Amino acid sequence: MPEVGAPAWDARAGRGGVVMGRVGPYVQLRPVGGGREWDVRPEDLREIGLAELLRARVREANRRSRGELL
């Protein structure tokens, strides 16, 4: 499991975030630009590199600019 504060990818949701911790059997991720955390099963989680992290940031910014709720 990536450490708290590390970027990670939720393969099931198809989005990246920052590891915030664990709650029960789940890892909690927060969107890269901030926002509401979501739960991820450990088997759906993987570490991501810089390019993927940047894509996740752009994706979150685009969602916010369109007014989409997460």
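Five strands line up in an open sheet in the order 4-3-2-1-5, with antiparallel pairing. Here, strands (E, at least two residues) and helices (H or I, at least four) are DSSP runs numbered from the N terminus, and two strands count as paired if DSSP finds at least two bridges between them. This is a predicted model, where local features need pLDDT of at least 70, side-chain atom pairs count only at pLDDT 80 or more, and totals for chains, interfaces and linings use all residues. Residues are numbered from 1 along each chain as its sequence is written, and side-chain values use heavy atoms, leaving out hydrogens and water.

- At the edges sit strand 4 and strand 5 (45–47), each of which pairs on one side only.
- From one strand to the next, the twist averages 50°; axes are lines fitted to C-alpha atoms, for helices over the stretch in contact, and angles run from 0 to 180 degrees between N-to-C directions.
- Helix 1 (residues 50–65) packs on the sheet and touches strand 1, strand 2 and strand 5, where contact means heavy atoms within 4.5 Å.
- The direction of helix 1 makes about 95° with that of strand 2.

**Strand by strand**
- Strand 1 (residues 7–10) and strand 2 (residues 15–23) are antiparallel and share four bridges; P7 stands opposite V18, and W9 has G16 as its bridge partner.
- Those two strands make a hairpin with four residues between them, and G14 in the turn has a positive phi of about 70°.
- Strand 2 and strand 3 are also antiparallel, joined by five bridges; V19 partners L29, while V23 stands opposite Y26.
- Their hairpin has two residues between the strands, and G24 there takes a positive phi near 60°.
- Strand 3 pairs with strand 4 in the antiparallel sense over three bridges, and L29 has W38 as its bridge partner in strand 4.

**The nonpolar cores**
- A nonpolar core is a set of buried Ala, Val, Leu, Ile, Met, Phe, Trp, Tyr and Cys residues joined through side-chain atoms within 4.5 Å, with buried meaning under 20% relative accessible area (1.4 Å probe, protein chains only).
- The largest one has seven residues: A8, V19, V27, L29, W38, V40 and L45.
- Strand 3 (26–30) and strand 4 (38–40) are the elements that give two or more residues to this core.
- Apart from it lies another core, of five residues, including W9, V32, I48 and A56.
- Leaving aside residues up to four places away in sequence, V27 touches M1, V19, G21, R22, W38, D39, V40, P42 and L45.

Conventions: Buried means under 20% relative accessible area, exposed over 50%, partly exposed in between (1.4 Å probe, protein chains only).
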